[in-house]
Amino acid sequence: MAQQLLLLLPAPSRTFWKPLSSPSPSPSACSLVRRHLPSVSAARVVAASAGARRDLLRCRMKRSGLVAELEIAKDKPPQSRRANGIFWILLLNFGLYVADHLFQIQQIKALYLYHAFPSWYQFVTSTFCHANWNHLSSNLFFVYIFGKLVEEEEGNFALWLAYILTGAGANLISWLVLPTSSVSLGASGAVFGLFTISVLVKMSWDWRKIIEVLILGQFVVDKVMEAARATTITGQSFQVNNIAHVSGALIGAALVFLVSRIPFPSNDDSPATKDSK
C-alpha cells in the first residue's frame with residue numbers, strides 16, 4: 001500500500017531534492033529517487049569539468065606570475081623602473097632658458113662659464129644654459145634621444161653622472177684651450193658624451209653591428225655636429241665650440257672604459273652559491 005501511495009504523488013520539479021528519510025533507506029526508495037532525478041547530459045558534465053579546470057589553472061597562473069607574460073596582461077605598465085631622469089634634465093634646461101630669456105632674470109647670467117674669472121659651479125651650470133631657442137631645441141632633441149638610451153640601459157644615477165661629468169669635463173678643456181675673453185654655455189659636451197656612451201654600451205664585436213655603426217655612425221655624427229651646438233661667445237659673436245664636442249665624446253668613452261674595468265661581483269661569487277657548493 002505504501003508503494004502504491006508513492007506512485008500516486010505528483011512528479012517532482014526539475015530540481016534536486018532530498019527527502020527526509022531514515023538513516024538507512026530501503027533499496028526501493030533509493031531506486032525511486034534516482035528515477036525521478038532530472039537527467040544531466042554527458043556534454044554538460046564535460047563542459048562543467050573543463051570550466052573548473054580552466055579556473056583552477058588561471059588561479060595557479062596568477063599566483064605564479066605567468067599571467068604577466070601574456071599579451072593581454074601587457075596593457076598595464078611594467079613595474080620596472082621607468083626613464084624619469086631624462087625628463088628632469090630637459091625640464092631643468094627649459095626652465096633656465098625661460099628664466100633667462102623670457103623673464104630676464106639677471107642671476108641666470110651668473111651660471112654661464114666666464115673663462116676670464118670662472119667659478120667652480122659654472123663648469124656644471126653652464127651645461128644647462130643656452131644662448132637662443134635654436135640652440136636649446138637642437139641640443140635638447142639629442143639629449144633626449146641619447147640620454148633616454150643611457151638611462152634605460154644603466155639607470156637614473158648613471159644618466160645624471162654621465163651628463164654632468166661629460167658636460168663639465170668638456171667645459172674644463174674648453175676653458176684651458178679657448179681665450180679668456182670667451183663665455184661658454186650649452187649642453188653640447190654632454191650630448192656627445194651621452195652619444196658615445198649609448199653607442200659603446202650596446203656595442204659588440206659582431207661584424208654586422210660593426211658595419212652598421214660604420215654606415216650609420218658617420219651620418220649621426222654629422223647631424224649631431226650640425227645641430228648640437230656648444231656656443232662660445234667671443235666678444236659679440238657666437239661661435240661653435242668644436243673643442244667641447246670632441247672633449248665630451250672622449251670623456252664619454254673614458255667613462256665607459258673605466259666602468260668596464262671595475263670588477264663587479266657575479267652570481268657565482270654570492271654567499272648562497274658558495275654555501276650550496
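A polar contact is a pair of N or O atoms within 3.5 Å; within protein, one must be able to donate a hydrogen and the other to accept it, and residues adjacent in sequence count only if both atoms are side-chain atoms. The model shown here is predicted: local features need pLDDT of at least 70, side-chain atom pairs count only at pLDDT 80 or more, and totals for chains, interfaces and linings use all residues. Residues are numbered from 1 along each chain as its sequence is written, and side-chain values use heavy atoms, with hydrogens and water left out.

**View 1. Ser-126 and its polar partners.** A polar contact of 2.8 Å links the side chain of Ser-126 to that of Asn-171. The side chain of Ser-126 also reaches the backbone oxygen of Gln-122, at 2.7 Å. Ser-126 sits in the loop between α5 and α6. Helices (H or I, at least four residues) and strands (E, at least two) are DSSP runs, numbered from the N terminus. Is Ser-126 buried or exposed? Ser-126 counts as buried, because its relative accessibility is 0%. Buried means under 20% relative accessible area, exposed over 50%, and partly exposed in between (1.4 Å probe, protein chains only). Leaving aside neighbours within four places in sequence, Ser-126 is in contact (heavy atoms within 4.5 Å) with Leu-111, Tyr-112, Leu-113, Asn-171, Ser-184, Leu-185 and Gly-186.

**View 2. Helix α7, end to end.** Asn-171 is among the buried residues of α7. Others include Leu-159, Tyr-163, Thr-166 and Ser-174. The end C-alpha atoms of α7 are 32 Å apart. That agrees with expectation, because 22 residues at 1.5 Å a residue should span 32 Å. The expected span of a helix is 1.5 Å times one less than its number of residues.

**View 3. His-115 in its loop.** His-115 lies in the loop between β1 (113-114) and α5 (122-125). His-115 is buried, because its relative accessible area is 3%. Which residues are in contact with His-115, leaving aside its neighbours within four places in sequence? They are Ser-174, Trp-175, Leu-178, Pro-179, Thr-180, Ser-182, Val-183 and Ser-184.

**View 4. The largest nonpolar core.** A nonpolar core is a set of buried Ala, Val, Leu, Ile, Met, Phe, Trp, Tyr and Cys residues joined through side-chain atoms within 4.5 Å. The largest one has 32 residues. Ile-89, Leu-96, Cys-129, Val-143, Tyr-163 and Leu-194 have the most contacts inside it. The elements giving two or more residues to this core are α4 (85-102), α6 (133-154), α7 (156-177), β2 (182-185), α8 (188-201) and α10. Beyond its neighbours within four places in sequence, Leu-96 is in contact with Ile-108, Leu-111, Phe-128 and Cys-129.

View 5. On a 1 Å grid over the protein atoms alone, a cavity is a set of points where a 1.4 Å probe fits but cannot get out; lining residues have an atom within 4 Å of a point. Grid points are joined across faces, edges and corners, and a volume is the space filled by probe spheres set on the points. The structure holds two cavities of 30 Å³ or more. The largest share, four residues, comes from α6.

**View 6. Phe-195 on helix α8.** Phe-195 is found in α8. Phe-195 counts as buried, because its relative accessibility is 12%.

View 7. α10 has 20 residues and reaches 29 Å from its first C-alpha to its last, close to the 28 Å expected at 1.5 Å a residue. Asn-241 caps the N-terminal end of α10, with a side-chain oxygen 3.2 Å from the backbone nitrogen of Ile-243. Ala-244, His-245 and Val-256 are among the buried residues of α10. Ser-260 belongs to α10 (residues 242-261). Ser-260 is exposed, because its relative accessible area is 53%. A polar atom of the Ser-260 side chain lies 2.6 Å from the backbone oxygen of Phe-257.

**View 8. Gln-104 and its phi angle.** Gln-104 is in the loop between α4 and β1. Gln-104 is not a glycine, yet it has a positive phi of about 55 degrees. Most residues other than glycine have a negative phi. Gln-104 counts as partly exposed, because its relative accessibility is 47%.

Note on methods
On a 1 Å grid over the protein atoms alone, a cavity is a set of points where a 1.4 Å probe fits but cannot get out, and a pocket is an open set with protein on both sides within 12 Å along at least five of seven lines; lining residues have an atom within 4 Å of a point.
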